[in-house]
Amino acid sequence: ATNTGALMAQAAASSVNKEMELSMERLSTGKRINSAADDAAGVAIASRLTSEIRGTNQAIRNAMDGQALIDTAEGAHSEIESILQRMREVAVQAANDTNSTADRTSMATEMSQLKEEINRIAATTTWAGVSLLNGDGNDGVISTTADATNTFNFQISSNETGSEDVLDVAIKAVDATSLGIGGSSSAATVASTSVAQNSTTFNATVSGGAVSFTAQASDAAPSASGQNNIVFTIDGTSFTFDAHTNGVAQGYGSTADNIGDAFVQFLEDQSGLDGYAFSNNGSGVVSITKANAVAIDTTANANLAMTAIDSAITELNTQRAKLGSFSNRLDSTVSNLTNVSANLQAGRGRIEDADFAAETTSLAKSQILQQASTAMLAQANASKQNVLSLLQG
């Protein structure tokens, strides 16, 4: 005969046993979702949250590494600024005429060593082997020496790369040349190879670091057929200036001052003279000096050196301010990302973590029901034993 009671008790015991095993699994792992069968949608949501959490945590590390890189660069800037202050102090000392030639020579030796130390710091300051201050163009692009930079991109978000997810930091080169104090002499060495003189046009005289033009007649102008070439050298590099082709034909007048202006424009157009400065005194005397010189051999040169060093200090401090701003910004970035990560983990926990109170209660209930169903199965089997008495004769 069919033992219906036993079958029902057996089914109940099987169902209760499954529920008990599920509760035990959740309690042992601490997770409400242990497989996709537990919550198909919850698995997908938790997976996406995990990606965001791990990405955000890495972004925090990225921001902290970036901040350390920036602080390393700024620390080197601080030392270079100290050196520049000492160089300016030496220039001020050298400007005083109580110094002998020997005194100024000794000061110049210190000035030279200080510049070399700036160059050394710029060349050797690195972060994990990556140069920071030499302007070698981490992004592969260098325009001019003055604009040479290393550009660093810091991924400070767990999202795909976008303008709001990346912090770009450009660190300019801070060697002596880039700061405008790389020269060793304020006056360029200018020498004439040949100066064509024509009494109906103009005379040109090369003397020291200047070229003087003298017009020979008020209405005279260098002509296309005249002898107008000046062949000269600046620190050993040869150039040729034609007072007609480079002057009159370009719209300049015939006075000494006009030809001087034309000569200045000619010099500024030469690619090999980027490190020089040119000036016309208004009477046709063009002075040629090194733009980044910090010579202190004379009072005048020491004063020029002070001006150049002041400009270098200003440029350096401008960059230090930018680096400090980036470092402070990354403090906020790390704080925000830390808060985001904590909230994301809390959200994921609410989806996939087990409720221990509920699961413990469910386990106790399942254990009671398992015992009851087992007892009822035994009773159902025992109740059918009475059928055997009918078979006894």
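Before I turn to the helices, let me say that axes here are lines fitted to C-alpha atoms, for helices over the stretch in contact, and that angles run from 0 to 180 degrees between N-to-C directions. What we have is a predicted model, in which local features need pLDDT of at least 70 and side-chain atom pairs count only at pLDDT 80 or more, while totals for chains, interfaces and linings use all residues. Residues are numbered from 1 along each chain as its sequence is written, and side-chain values use heavy atoms, with hydrogens and water left out.

To begin with the overall picture, the protein chain has seven helices and 11 strands, where helices (H or I, at least four residues) and strands (E, at least two) are DSSP runs numbered from the N terminus. Of the 393 residues in the protein chain, 37% are buried, and here buried means under 20% relative accessible area, exposed means over 50%, and partly exposed lies in between, with a 1.4 Å probe and protein chains only. If we take contacts, meaning heavy atoms within 4.5 Å, with a separation of 6 or more, then 63% of them in the protein chain join residues 24 or more positions apart.

Now to helix H2, residues 40-94, which packs against helix H3, residues 101-124, at an angle of about 165°, with the axes 10 Å apart. H2 and H3 are therefore roughly antiparallel to each other, a word used for angles over 145 degrees, whereas under 35 counts as roughly parallel, 65 to 115 as roughly perpendicular and the rest as oblique. The residues that make this contact include Ile80, Ile83 and Leu84 of H2 and Met107, Met111 and Leu114 of H3. By class, the contact of H2 with H3 has 13 nonpolar, one polar and six charged residues, where Ala, Val, Leu, Ile, Met, Phe, Trp, Tyr, Cys and Pro count as nonpolar, Asp, Glu, Lys and Arg as charged, and the others, Gly among them, as polar.

H2 also meets H5, and the axes of H2 and H5 come within 7 Å and cross at roughly 165°, so that H2 and H5 too are roughly antiparallel to each other. The contact of H2 with H5 divides into 31 nonpolar, 17 polar and 10 charged residues. Within helix H5, residues 299-352, we find Gly324, which is partly exposed, with a relative accessible area of 25%. The C-alpha atoms of Gly324 and Asp71 are separated by 7.8 Å, although these residues are 253 residues apart along the chain.

Turning to the strands, S3, residues 149-155, is mostly covered, with five of its seven residues buried. Seven bridges join S3 to strand S4, residues 166-172, and the two run antiparallel; two strands pair if DSSP finds at least two bridges between them. In this pairing, Asn150 stands opposite Ile171 in S4.

Strand S10, residues 276-280, has a covered face of Tyr276, Phe278 and Asn280, and an uncovered one of Ala277 and Ser279. Five bridges join S10 to strand S11, residues 285-290, again antiparallel, and Ala277 stands opposite Thr289 in S11.

Let me finish with two loops. Most residues other than glycine have a negative phi. Ala128, however, has a positive phi near 55°, and lies in the loop between strand S1 and strand S2, where Ala128 is exposed, with a relative accessible area of 72%. Asp235 likewise has a positive phi, near 50°, and is found in the loop between strand S8 and strand S9, but Asp235 is partly exposed, with a relative accessible area of 30%.
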